[in-house]
Amino acid sequence: MRWSVERSELFVAVGDEADLPVLVVRVQAWLTERGVSPGERARITTAASELATNIVKYAGRGSMRVTAVRRGLHEGVELWAEDRGPGIADVTLALADRYSSSGSLGLGLPGVRRLMDDFDLRTSPETGTSVKVCRWLA
Amino acid sequence: MSRLAASTERTALVSHFGDCVVATLRDDLDRGQFASFRSELLEAVRSQRAHGVVLDASALEVVDTADFARLRQTLEMVELMGARTVLVGLKPDVVAALVELGADIDGISGELTLEAGLARVRNPR
């Protein structure tokens, strides 16, 4: 076992509101180090922030993993938000587009789905919620 | 966060230009810091009897829907106090992400620069 093996993954524990700005900064830095363009950085980090906000709001604690992924010639960035919270009772509703005057209603999931390319949501009261999203870079 | 940290750390910059207040947002404000920024701003509007507020958002790199809702509420509060508001300097990437997220941007005025923002709140179109 060697320590020098490069792991192209960023892990951030999300425990409360104060972790959110830290998460944003770390994700930004991670993407910058990998040469991701400013536009894609803003998009991916915003999605990460949105998912992490959901964790704090609905589950209390959880984690975010950011991974460099590859499919054939395509490179992408995957975000994986996980929590062991109560799960989402009505997935259809959570994925339905709703606009509110405050912009704060709902889970922000439809927005995350638009910002990213691939979207995979798993949720149950027993296991909590896992949202895996991927953005393919040009 | 302790009171001491909150009072010694500058969360934002609120300054005055005649009858206008210019407030500069820092990028990494958490909810508590944003709340103190908001109080400082509203107090400045009251004490200066400001007619306009220019919110400089040019330092913001990432704005999610929760951040945007806080921004929006702050603008609404200022308007309720009787001052006009304008958001200036939002980065193109931030704007693009916000619109794709589906943030409610209705009724928010934006300008590219601080100067244009000041002109807008002084001479609304």
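Reader: What should I know before I start?

Author: This is a predicted model: local features need pLDDT of at least 70, side-chain atom pairs count only at pLDDT 80 or more, and totals for chains, interfaces and linings use all residues. Residues are numbered from 1 along each chain as its sequence is written, while chains are lettered from A and ligands numbered from 1 in the order in which they are written.

Reader: In what order do the 5 strands of the chain A sheet lie?

Author: Start with the terms. Strands (E, at least two residues) and helices (H or I, at least four) are DSSP runs, numbered from the N terminus. Two strands pair if DSSP finds at least two bridges between them. Here the order is E1-E2-E3-E5-E4, in an open sheet with antiparallel pairing. Strand E1 (9-14) and strand E4 (118-124) are the edges, each pairing on one side only.

Reader: How many bridges join E3(A) to E5(A)?

Author: There are 9, between residues 74-83 and residues 128-137. A:Leu79 has A:Val133 as its bridge partner. A:Val77 stands opposite A:Arg135. On to E4(A) and E5(A): they pair over 7 bridges, and a hairpin joins them through 3 residues.

Reader: Which strands does helix H2 of chain A lie across?

Author: Angles first. They run from 0 to 180 degrees between N-to-C directions; axes are lines fitted to C-alpha atoms, for helices over the stretch in contact. Contact means C-beta atoms, placed from the backbone, within 7 Å. Helix H2 (residues 38-59) of chain A lies across E1, E2, E3 and E5, at about 15° to E3(A). Helix H1 (residues 19-33) of chain A runs at about 175° to E1(A).

Reader: Which residues of H2(B) are buried?

Author: Buried means 20 or more other C-beta atoms within 10 Å of a residue's own; exposed means 12 or fewer; partly exposed is in between, with C-beta atoms placed from the backbone. The buried residues are B:Gln33, B:Phe37, B:Arg38, B:Leu41 and B:Val45. The face turned away carries the exposed B:Ser39, B:Glu43, B:Arg46 and B:Ser47.

Reader: How many residues of chain B are in contact with chain A?

Author: The count is 23, facing 28 residues of chain A. Helix H3 (65-80) and helix H4 (92-101) of chain B each give two or more residues to that side.

Key
Contact = placed C-beta atoms within 7 Å.
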